[in-house]
Amino acid sequence: MEVVVGRSTRSTPPGRKRLLITLSVVLSFLLGTPLWWKSTEVYRSPLPFAAIETHANQVASLALALPCDLHVIFVALPIPPKEEDQQHLQVVVDQIQQQISIILAHKKQFNSSESCASGFQVHVTLDAENVCLRSRSAAGDQQNNKVAKFWPCGLATVDSDLRELLLESSSDDDNLLDEFFWSFSKGEYLATGGCYTVVLFDEDLLNIFSNEKLGEATVVEVGNQVNPISKEGKGKRRRRVVGKYRHAWMIGPELGILSFGRDAASDIADLAVMYFSHGGRLSGKDVVVEDKEESMPLSADGKAILSFSLLNAEPSDWIFDWAFEEVEQRFLQPLVEALWPFAHLFVESQVLYYTPKAVQSHWDAALQSHVVPFKQLPFFVNANEWHLDSSSAAAGRSKLLHFAIYVPAAKECPLHLQLSTGRISQTNGFTSPGWGGIIVWNPPGCLGSSTDNSTGHQLSTKELEPLIGVVVAQLRTLFGLPPTVLDDSKTDTFGVPATARGFADWEVDVLLRRRAVMDVHASASTLASLSRLVSSLPNMVIMDEIGDQVTSSLTAAKAAREHAISGAYHATADAARKARGLAEAAFFQPSIMSLLYFPAEHQLAIYTPFFVPVLLHMLVAVIKESSRYRRERRSYLRGLQNQD
């Protein structure tokens with residue numbers, strides 16, 4: 001090596017072995033990075049993000065709606081067929097359809113989730129003794145094999161027993177009439193929901209029935225289709241009765257095919273919209289009752305457990321028990337079957353002891369009873385002493401509704417509950433939204449302590465029957481319906497209570513429509529949330545099971561829409577319930593729950609101790625070897641220049 005003052009030179013080129021060794025280490029690290037990246041990435045099943053967005057947009061723009069058919073039947077005497085009869089029927093259809101549109105447009109506070117699609121499709125039938133004439137829409141449905149939706153003709157030829165019931169028109173007769181109409185229609189009537197019938201009896205027809213009953217001669221001017229008019233009937237209101245199935249009937253003036261006018265059409269439209277479409281929670285033509293909360297006390301898959309508890313506050317005073325199996329079979333099983341199309345209810349029972357309430361009552365001398373003020377009712381439940389959650393199924397995703405029958409201690413008997421108006425509750429019970437209901441049952445003669453305390457007393461079915469009636473009313477309230485079918489004397493509207501099942505068929509339809517809409521909307525919302533969640537957490541594990549659940553949920557939601565268009569109520573409810581259940585099962589899948597709060601800083605904290613020391617030493621080695629090689633290379637080049 002030659003040395004020059006101020007500068008060093010070398011005669012041989014610098015060695016590359018050390019540099020190549022260093023670079024080979026870097027190269028091996030770079031080549032191994034894709035392998036490491038692939039081996040450490042999480043598995044993510046592909047989700048149909050585009051289909052989820054489309055489903056959410058469809059729900060937002062056009063909510064699910066089930067169709068409703070309104071079949072209006074005019075019962076008439078024998079009439080000569082005329083060509084203009086078909087025109088009269090179409091005029092009636094247009095009048096009723098127009099009045100329905102006016103009511104729906106006037107009352108903006110209707111719950112859209114339970115409304116029928118586009119209001120009602122109206123069909124009219126003229127049922128005379130010698131003529132059975134249907135409007136064009138009904139005749140077209142008959143040709144399309146939809147005749148099962150409409151009643152057969154023949155009401156005009158009813159026997160004398162039905163005529164007696166029509167003339168009496170009392171509440172007891174209403175129930176008999178309701179059963180007669182059901183027996184008359186069920187042979188041809190497909191009771192799957194969405195098809196409602198209103199039978200019209202003009203008071204002129206009833207006058208003729210009355211005259212026939214009295215043996216008087218009846219004169220009918222068939223040429224002009226004019227019936228005798230009762231002077232007493234002029235100005236009377238129409239009596240409207242809503243049955244417990246899917247039909248109603250009206251009795252009064254101007255309910256004949258020729259005398260029919262706008263006022264009668266308004267009455268029919270009001271009845272159809274207020275009851276068949278919205279469950280009787282809206283009453284009157286200008287009064288809107290505030291809608292209940294849209295949520296239902298059901299789990300995502302439409303299940304709920306009705307837990308009945310008999311609470312003995314002080315067993316040292318008296319002990320009561322029950323044979324609940326008989327009560328369940330007689331009173332609750334029909335209710336469970338009635339609600340099964342949209343709610344799968346299961347029943348359990350228990351008897352608890354030493355269950356004092358959490359509030360204090362005061363003695364009311366005027367009532368001769370202990371009273372719990374209205375303001376104290378929210379604190380009535382003693383969560384520390386009432387061990388009500390005993391169901392193993394409640395540990396899952398099922399909704400649990402409690403119905404507690406509270407037997408007070410002797411020192412607080414009789415015990416009554418005060419309403420917000422200051423009056424004493426007639427049912428002696430109250431509901432708690434989302435929780436259930438409570439009923440206070442005072443033992444007979446408790447003021448005198450006449451009950452034998454030495455042995456327990458089993459409540460009989462007769463004693464439990466009124467209590468179960470209160471429970472049914474509370475359950476109706478929890479589902480957003482009135483405690484009982486509303487009777488509005490102002491509008492002469494009456495309802496036939498469904499005493500056996502607790503819910504009328506048309507009320508079940510209202511709840512089914514509401515629940516189906518809620519389920520489809522909830523499925524879209526849940527899937528959209530899952531899509532956003534998965535997109536925001538790229539390191540979240542998405543198993544194939546989640547992908548299958550999402551795909552199945554979208555398929556079920558699509559099926560619900562298709563069934564809704566065809567008017568298949570039960571199939572729509574089943575598909576909508578399946579769509580919501582699968583969507584929530586995918587969102588709450590255990591494999592992703594632990595990663596919902598998995599930040600990126602956590603990964604940085606894991607890999608930094610492994611890679612930073614290696615990368616730091618590698619970087620220092622590369623810098624040092626590169627600097628050394630460049631320095632020696634420059635020295636070698638200077639040596640070559642000096643030789644020249």
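This is a predicted model: local features need pLDDT of at least 70, side-chain atom pairs count only at pLDDT 80 or more; totals for chains, interfaces and linings use all residues.
Local features need pLDDT of at least 70, side-chain atom pairs count only at pLDDT 80 or more, and totals for chains, interfaces and linings use all residues. Residues are numbered from 1 along each chain as its sequence is written, and side-chain values use heavy atoms, without hydrogens and water.

An unreviewed UniProt entry places the feature "transmembrane region" at residues 19–37 and 604–623. Such annotations may be inferred rather than shown by experiment. Residues 19–37 are 100% helix and 0% strand, with end C-alpha atoms 27 Å apart. Residues 604–623 are also 100% helix and 0% strand. Their end C-alpha atoms lie 25 Å apart.

The structure holds 25 aromatic pairs (Phe, Tyr or six-membered Trp rings with centres within 6.5 Å; stacked under 30 degrees between planes, edge-to-face over 60, the rest tilted). Phe181 and Phe201 are stacked, because their ring centres are 6.2 Å apart and their planes meet at 25°. Phe181 lies in helix H6 (residues 171–185) and Phe201 in strand E6 (residues 195–202), 20 residues apart. Both are buried (under 20% relative accessible area with a 1.4 Å probe, protein chains only). Tyr196 and Phe276 are also stacked, at 4.8 Å centre to centre and 10° between planes. Tyr196 is in strand E6 and Phe276 in helix H8 (residues 262–277), so this pair ties together parts 80 residues apart in sequence. Tyr196 and Phe276 are buried.

Ring pairs also link Trp151, Phe180, Phe181, Phe184, Phe201 and Trp249 into a cluster.

Conventions: Helices (H or I, at least four residues) and strands (E, at least two) are DSSP runs, numbered from the N terminus. Buried means under 20% relative accessible area, exposed over 50%, partly exposed in between (1.4 Å probe, protein chains only).
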